[in-house]
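Hi everyone, thanks for coming. Today I'd like to walk you through one protein model, slowly and step by step. Have a look at it first, and then we'll go through it together.

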Amino acid sequence: ARVEHAVDVALRDDHVLLTKRSEKVSYHPGTWSCSLEEQLATQDLEAGPSRTVLQWCQRLLWEELGLGTEMYHDDNLRILSVFLESAKLNISVCTHIGLDITASELHRILRWLPRADYEFTDWNFLRYGELMDELVHPTRAYHPTSGYRMLLALFHRYGASGMAARLSPRAVRPAGGPQRTRSLA
């Protein structure tokens, strides 16, 4: 078993980052993620028990997105869930990271600045309403835990009562059916 960091990256303009995993990664290459994965490393544990998750998030943001600490505030890093990815027996920590930049700013960074790692080859940004649609009716092949991470991101954003309203039969369009005019945003 390994500990994997499953991350929901939310941007200042109410977008969530999706990434397409590189063909070079060991687990589920070529699938899409909401938003990233990163294994816990020995150096993260060396930060001490009270700083392990912070070190983990900082390393992930630097290695995967090329972002320094000026792009986010430590208070915007949250553990949402600890869960078992049963097919691989991975213990996973799902976090929410709120960035102080917009989707267009992160797109420019990903496109032009060198990153320490290239574990994803493509990216996209969805608004929360679009994320709800993608959760209910996926249009991409996803990493096995991405649906769970989408759900947690939506619960973090809307709360339980907001999610209940958005998942009511009137709010969700049938698979393959016409899109309802009611907005999920």
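I'll start with the overall layout and then move to the core, the surface and a few side-chain pairs.

One thing to keep in mind throughout: this is a predicted model.

So, how many helices and strands does the protein chain have? There are five helices and seven strands. If you trace the chain along its sequence, they come in the order β-β-β-β-α-α-β-β-α-β-α-α. Of the 185 residues in the chain, 49% are buried. The chain exposes about 9300 Å², and carbon and sulfur atoms supply 53% of that area.

Now a word on contacts. Take those between residues at least 6 apart in sequence: 63% of them join residues that are at least 24 apart. For one example of sequence distance against distance in space, look at Gly147 and Cys34. These two are 113 residues apart in sequence, but their C-alpha atoms are 7.9 Å apart in space. Gly147 belongs to helix 5, which covers residues 146–166. Is Gly147 buried, partly exposed or exposed? With a relative accessible area of 29%, Gly147 is partly exposed.

Let's go inside. The largest nonpolar core has 24 residues, and the ones with the most contacts within it are Leu61, Leu65, Leu67, Ile97, Leu99, Ile101 and Leu106. Which elements supply at least two residues each to this core? They are strand 1 (3–10), helix 2 (52–65), strand 5, strand 6, helix 3 (103–112) and strand 7 (120–127). Helix 2 gives the largest share of this core, with five residues. There is also a second, separate core of 15 residues, and Val16, Trp32, Leu126 and Tyr128 are among them.

Zoom in on Ile101 for a moment. Leaving aside residues up to four places away in sequence, Ile101 touches Leu11, Arg12, Leu67, Met71, Leu106 and Ile109.

Next, the surface. Ile79, Val82, Leu84, Leu89 and Ile91 form a nonpolar patch there, and together they have about 480 Å² of accessible area. Strand 5, residues 72–85, provides the largest share of the patch, three residues. Ile91 sits in strand 6, residues 90–99. Its relative accessible area is 40%, so Ile91 is classed as partly exposed.

On to charged side chains. Side chains of opposite charge can pair when their charged atoms come close. How many salt bridges turn up in a search of the whole structure? The search finds eight.

Here is the return of Arg12: the side chains of Arg12 and Glu105 form a salt bridge, at 3.5 Å from N to O. Glu105 is partly exposed at 26% relative accessible area, and Arg12 is exposed at 52%.

A second salt bridge joins the side chains of Arg59 and Glu38, at 2.9 Å from N to O. This pair also links distant parts of the chain, with Arg59 in helix 2 and Glu38 in strand 4 (residues 36–39), 21 residues apart. Are these two buried or exposed? Arg59 has a relative accessibility of 8%, so Arg59 counts as buried. Glu38, at 10%, counts as buried too. Salt bridges with shared partners join Glu38, Asp44, Arg59 and Glu63 into one network.

One more of these: Glu134 and Arg140 also meet through their side chains in a salt bridge, at 3.5 Å from N to O. Glu134 is buried, with 6% relative accessible area.

Last stop, the aromatic rings. A pair of aromatic rings is described by the distance of the centres and the angle of the planes. The count here is three aromatic pairs. For Phe120 and Trp123, the ring centres are 6.2 Å apart and the planes stand at 90 degrees, so this pair is edge-to-face. Both Phe120 and Trp123 are buried.

Methods:
Residues are numbered from 1 along each chain as its sequence is written. This is a predicted model: local features need pLDDT of at least 70, side-chain atom pairs count only at pLDDT 80 or more; totals for chains, interfaces and linings use all residues. Side-chain values use heavy atoms; hydrogens and water are left out. Helices (H or I, at least four residues) and strands (E, at least two) are DSSP runs, numbered from the N terminus. Buried means under 20% relative accessible area, exposed over 50%, partly exposed in between (1.4 Å probe, protein chains only). Contact means heavy atoms within 4.5 Å. Accessible areas come from the Shrake-Rupley method with a 1.4 Å probe; for residues, only the protein chains shown count as cover. Patches are made of residues with over 30% relative accessible area and no salt bridge: like charges are joined within 9 Å, nonpolar side chains (Val, Leu, Ile, Met, Phe, Trp, Tyr) within 5 Å. A salt bridge is a side-chain nitrogen of Lys or Arg within 4 Å of a carboxyl oxygen of Asp or Glu. A nonpolar core is a set of buried Ala, Val, Leu, Ile, Met, Phe, Trp, Tyr and Cys residues joined through side-chain atoms within 4.5 Å. Rings of Phe, Tyr and Trp (its six-membered ring) pair if their centres lie within 6.5 Å; planes under 30 degrees apart count as stacked, over 60 as edge-to-face and the rest as tilted.
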